[in-house]
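Let's take a friendly walk through this structure together. Have the sequence and the 3D view ready.

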Amino acid sequence: MAVLCLAEVVGGALVLDATSKAVTGSAQLGDVTLLVCGPAAAAEEAAKISGVSKVLLADDAAYANGLAENVAGLIAGLSEDFSHITAASTSIAKNILPRVAALLDVMILSDVIEVIDADTFKRPIYAGNALQTVKTSDAIKVITFRTATLELAAGGGSAAVEAASGTGDAGLSNHIGDAVVTSDRPELTSAGVVVSGGRGVGSEDDFALIAQLADKLGGAVGASRAAVDSGFAANDLQVGQTGKVVAPDLYVAVGISGAIQHLAGMKDSKVIVAINKDEEAPIFQVADFGLVADLFSAVPEMIEKL
Amino acid sequence: MKVLVPVKRVIDYNVKVKVSSDGSGVDLTNVKMSMNPFDEIAVEEAIRLKEAGIATEVVVVSIGEKKSTDALRSAMAMGADRAILITTDQGVTIEPLAVAKLLKAVIDEETPDLVIAGKQAIDNDMNATGQMLAALLGWGQATFASELKIEDGSAIVTREVDGGLQTISVKLPAIVTADLRLNEPRYASLPNIMKAKKKPLDEKTAADFAVDITPRHTIVTTEEPADRAAGIMVGSVDELIAKLKEGGLV
């Protein structure tokens with residue numbers, strides 16, 4: 001079995017966390033070849049991930065911004081030597097891999113959480129309210145892995161880097177620009193600690209309290225969909241079925257009631273702390289430690305005492 | 001400009017699903033069904049393009065059981081002009097690849113300039129149909145759209161990506177898939193619901209198209225996720241911090 005895994009490259013830099021976890025998922029299926037669409041430096045970085053047997057480097061402007069038409073064409077062209085085509089379930093891969101699958105006349109397996117065997121996989125459906133195991137009859141399996149529960153692959157590898165080329169620019173789309181939010185905090189999906197605020201936080205100004213607690217704990221800031229829809233927090237902070245899926249060591253839910261759609265995004269966290277003034281809030285049913293309290297007194301007290 | 005919007009009838013997003021006892025899927029008996037919420041956003045965007053004088057006609061298409069008519073009537077009550085229903089046999093799973101193949105056959109006949117689809121259906125959460133359809137048509141795709149503008153034969157689309165937003169342009173005809181923040185869909189008024197009953201609905205069957213829709217996936221089992229045991233309630237911030245310290249978490 002040979003696996004072609006698409007490395008996560010953003011703005012010309014390898015995203016090590018997502019790529020390394022995708023390698024861990026892929027290594028269960030066979031020998032891993034990592035495809036890097038970016039500059040040589042990103043490929044060198046990728047070659048150090050343990051468990052990668054070869055790195056294919058496609059250093060071409062056509063592939064630089066993750067435009068699906070171009071990258072899908074490249075992957076489809078490389079596919080014949082592989083039994084599986086994989087990637088981490090990022091917005092880049094979710095855009096590209098279904099297109100690859102259709103070009104190869106096969107189905108896609110999105111958000112796989114467990115590999116049962118070479119053609120049987122477990123994945124969540126209905127926002128994680130059910131888990132389904134499916135067996136595919138397709139010759140080439142196209143898979144995105146949900147990385148929240150995958151371990152990082154070790155470093156110290158030294159895979160060979162080879163150049164790869166494909167059909168280049170399909171002439172269908174152009175990249176205009178990115179508005180990427182930069183932050184000194186850890187990245188939400190890979191942070192060890194996440195502090196999230198919900199509708200109970202009440203305003204955008206008060207959301208600073210969530211950020212202060214996150215900074216105190218060295219964690220990332222998250223938000224419920226209710227908080228995002230109310231304009232308290234930016235949409236890329238949303239944790240839940242329609243946002244990011246996280247599984248940190250410690251998840252602190254502040255003023256979050258615990259709607260099904262939010263739980264789908266954080267219930268794999270190792271330890272969950274809930275602070276809510278409503279003792280009936282469903283979040284307490286999944287919390288390891290629950291505190292019924294007004295967040296405007298409890299959170300400042302925590303910040304002071306930690 | 002003609003806009004085509006595929007819509008799917010799914011379990012209403014407010015319903016807590018139950019896994020069926022034989023593990024074949026989830027229990028759909030006596031459960032409230034609605035139009036997939038992302039498809040509602042797609043329909044709304046198409047109607048807004050028509051109201052802005054950019055689109056001339058909005059055609060909605062659904063593939064599924066006869067009851068999918070409900071989703072099509074809802075879309076027409078919102079403002080879509082006409083509908084096409086492709087019926088499939090009851091209980092047959094039509095996977096995203098098969099949906100994309102059937103939609104391609106419809107699009108070959110209808111020749112729309114733009115297809116707006118929901119980014120994913122909230123039942124199988126596969127997030128694939130739009131991308132697959134774009135591949136089969138050889139069209140450009142702009143997925144997870146939070147803003148759409150039509151300029152000089154292209155769609156300028158702001159996309160929700162990890163870490164922020166990306167703006168791309170795709171040449172028309174193209175596929176755009178709607179994310180949550182593209183718009184807030186309107187509620188259909190009663191007069192419009194009545195009017196929608198008289199709008200044209202063309203019914204076909206999957207067998208009318210020379211398309212292989214055999215599923216590629218076999219469902220081995222469907223299960224409930226493991227329940228997370230409720231933990232303990234603490235009485236104060238001090239007690240909480242003590243517990244976290246005990247666990248080596250702070």
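What follows is a short report on sheets, helices and a few single residues.

## About the model

This is a predicted model, in which local features need pLDDT of at least 70 and side-chain atom pairs count only at pLDDT 80 or more, while totals for chains, interfaces and linings use all residues. Residues are numbered from 1 along each chain as its sequence is written, chains are lettered from A and ligands numbered from 1 in the order in which they are written, and side-chain values use heavy atoms, with hydrogens and water left out.

Helices (H or I, at least four residues) and strands (E, at least two) are DSSP runs, numbered from the N terminus. Two strands count as paired if DSSP finds at least two bridges between them.

## The parallel sheet of chain A

Let's start with the seven strands of chain A that form an open sheet with parallel pairing, in the order β7-β11-β6-β1-β4-β5-β12. At the edges stand β7 (108-112) and β12 (160-163) of chain A; each has a single partner strand, so one side of each lacks a neighbour in the sheet. From one strand to the next the twist averages 25°, where axes are lines fitted to C-alpha atoms (for helices over the stretch in contact) and angles run from 0 to 180 degrees between N-to-C directions.

Helix α2 (residues 40-47) of chain A lies across β4 (31-37), β5 (52-58) and β12 of chain A, and runs at about 170° to β5(A). Helix α4 (residues 91-103) of chain A lies across β1 (2-6), β6 (84-88), β7 and β11 of chain A, at about 165° to β6(A).

Four strands form an open sheet with antiparallel pairing, in the order β8(A)-β9(A)-β10(A)-β12(B). Its edge strands are β8 (114-117) of chain A and β12 of chain B, each pairing on one side only. Neighbouring strands here are turned by 30° against each other on average, direction ignored.

How many bridges join β10(A) to β12 (residues 217-223) of chain B? There are six, and the two strands run antiparallel; within this pairing, A:T133 has B:T221 in β12(B) as its bridge partner. Strand β9 (residues 120-125) of chain A also pairs with β10(A) in the antiparallel sense, over six bridges. A:P124 is bridged to A:L131, and A:I125 to A:A130. The hairpin of β9(A) and β10(A) has four residues between the strands, and A:Y126 takes a positive phi near 50° there. Six of the seven residues of β10 (residues 130-136) of chain A are buried, so this strand is largely enclosed by the rest of the structure; buried means under 20% relative accessible area, exposed over 50%, and partly exposed in between (1.4 Å probe, protein chains only).

## A helix pair in chain A

The axes of α5 (residues 207-217) and α8 (residues 295-305) of chain A come within 9 Å and cross at roughly 25°. That makes α5(A) roughly parallel to α8(A) (angles under 35 degrees count as roughly parallel, over 145 as roughly antiparallel, 65 to 115 as roughly perpendicular and the rest as oblique).

Which residues of α5(A) meet α8(A)? They are A:L209, A:Q212, A:L213 and A:K216, facing A:L295, A:F296, A:V299, A:P300, A:M302 and A:I303 in α8(A); contact means heavy atoms within 4.5 Å.

## Spots in chain B

Helix α2 (residues 69-78) of chain B is mostly covered, with seven of its ten residues buried. Among them are B:L72, B:M76 and B:M78. B:G79 follows α2(B) and has a positive phi, near 145°.

B:L249 sits in the segment after α6 (237-246) of chain B and is partly exposed, with a relative accessible area of 21%. Leaving aside neighbours within four places in sequence, B:L249 is in contact with A:D249, A:L250, A:V271 and B:L244. B:D108, found in α3 (residues 96-110) of chain B, also counts as partly exposed, at 46% relative accessibility.
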